[in-house]
Amino acid sequence: MASTSPDRQSSSWTFLTHHARVLLEVARDPQARLRDIAAAIGITERAAQGIVSDLHEAGYLTRSRIGRRNHYTINPGRYFRYPTEADVPIGVLLDIFTRHQHAGRSGTEH
């Protein structure tokens, strides 16, 4: 039987997957290094690289080299993969979090 005491250790689940978090980090900084993306969301650089590859192969982002760094471009018109959200473009998710980010910096709501 599960404990329901207030001091019970909370579980570590979150609403967003690592793929979503990587996509959001790229949206925040299209020239972010993999090590910075990994550090921001608490995964290894190798895991971040694998996720970026997944997103690239699925058409959610493209990569181009600018000097010694990658520059990422997100395709906000791509749709979520899960059947219940398959009619919603990922741009909706990006808008929610980038609007929140910009509102926090400027002090105004959009």
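This is a predicted model: local features need pLDDT of at least 70, side-chain atom pairs count only at pLDDT 80 or more; totals for chains, interfaces and linings use all residues.

Student: Which elements does the protein have, and in what order do they run?

Tutor: Begin by listing helices and strands. The protein has four helices and two strands. Read from the N terminus, the order is α-α-α-β-β-α.

Student: How much of the protein counts as buried?

Tutor: A residue counts as buried when its relative accessible area is under 20%. By that cut-off, 26% of the 110 residues are buried.

Student: How do α1 and α2 pack, and at what angle?

Tutor: For a pair of helices, look at the angle and at the distance between the axes. Helix α1 covers residues 18-28 and helix α2 covers residues 34-41; their angle is about 125 degrees and their axes are 10 Å apart. The pair is therefore oblique. The crossing of α1 over α2 is right-handed.

Student: Which residues make that contact?

Tutor: From α1 come H18, R21, V22, E25 and V26, and from α2 come I37, A40 and I41. Sorted by type, the residues of this contact are five nonpolar, one polar and two charged.

Student: How does α1 pack with α3?

Tutor: The angle between α1 and α3 is about 85 degrees, and the axes are 10 Å apart. Angles from 65 to 115 degrees count as roughly perpendicular, so that is the term for α1 and α3. On the α1 side the contact uses H18, H19, V22 and L23; on the α3 side it uses I51, V52, D54 and L55. These residues divide into five nonpolar, two polar and one charged.

Student: Is E25 buried or exposed?

Tutor: Compare its accessibility with the cut-off. E25, in helix α1, has 17% relative accessibility and so counts as buried. Leaving out residues up to four places away in sequence, E25 touches I37, A40 and I41.

Student: What about A40: how accessible is that residue?

Tutor: A40 sits in helix α2. Its relative accessible area is 48%, so A40 is partly exposed. The C-alpha atoms of A40 and V22 are 8.9 Å apart, for a separation of 18 residues in sequence.

Student: Which residues have the most contacts inside the largest nonpolar core?

Tutor: A nonpolar core is found by following side-chain contacts from one buried nonpolar residue to the next. The largest one here has 21 residues, and those with the most contacts inside it are V22, L23, V26, I37, I43, L55 and L61. At least two residues of this core come from each of α1, α2, α3 (45-57), β2 (69-74) and α4 (90-106).

Student: What does I37 touch?

Tutor: Setting aside residues up to four places away in sequence, I37 touches V22, E25, V26, A32 and A48. I37 also belongs to the contact of α1 with α2.

Technical notes:
Residues are numbered from 1 along each chain as its sequence is written. Side-chain values use heavy atoms; hydrogens and water are left out. Axes are lines fitted to C-alpha atoms, for helices over the stretch in contact, and angles run from 0 to 180 degrees between N-to-C directions. Angles under 35 degrees count as roughly parallel, over 145 as roughly antiparallel, 65 to 115 as roughly perpendicular and the rest as oblique. A crossing is left-handed if the near helix is turned anticlockwise from the far one by less than a right angle, and right-handed if clockwise. Contact means heavy atoms within 4.5 Å. Ala, Val, Leu, Ile, Met, Phe, Trp, Tyr, Cys and Pro count as nonpolar, Asp, Glu, Lys and Arg as charged, and the others, Gly among them, as polar. Buried means under 20% relative accessible area, exposed over 50%, partly exposed in between (1.4 Å probe, protein chains only). A nonpolar core is a set of buried Ala, Val, Leu, Ile, Met, Phe, Trp, Tyr and Cys residues joined through side-chain atoms within 4.5 Å.
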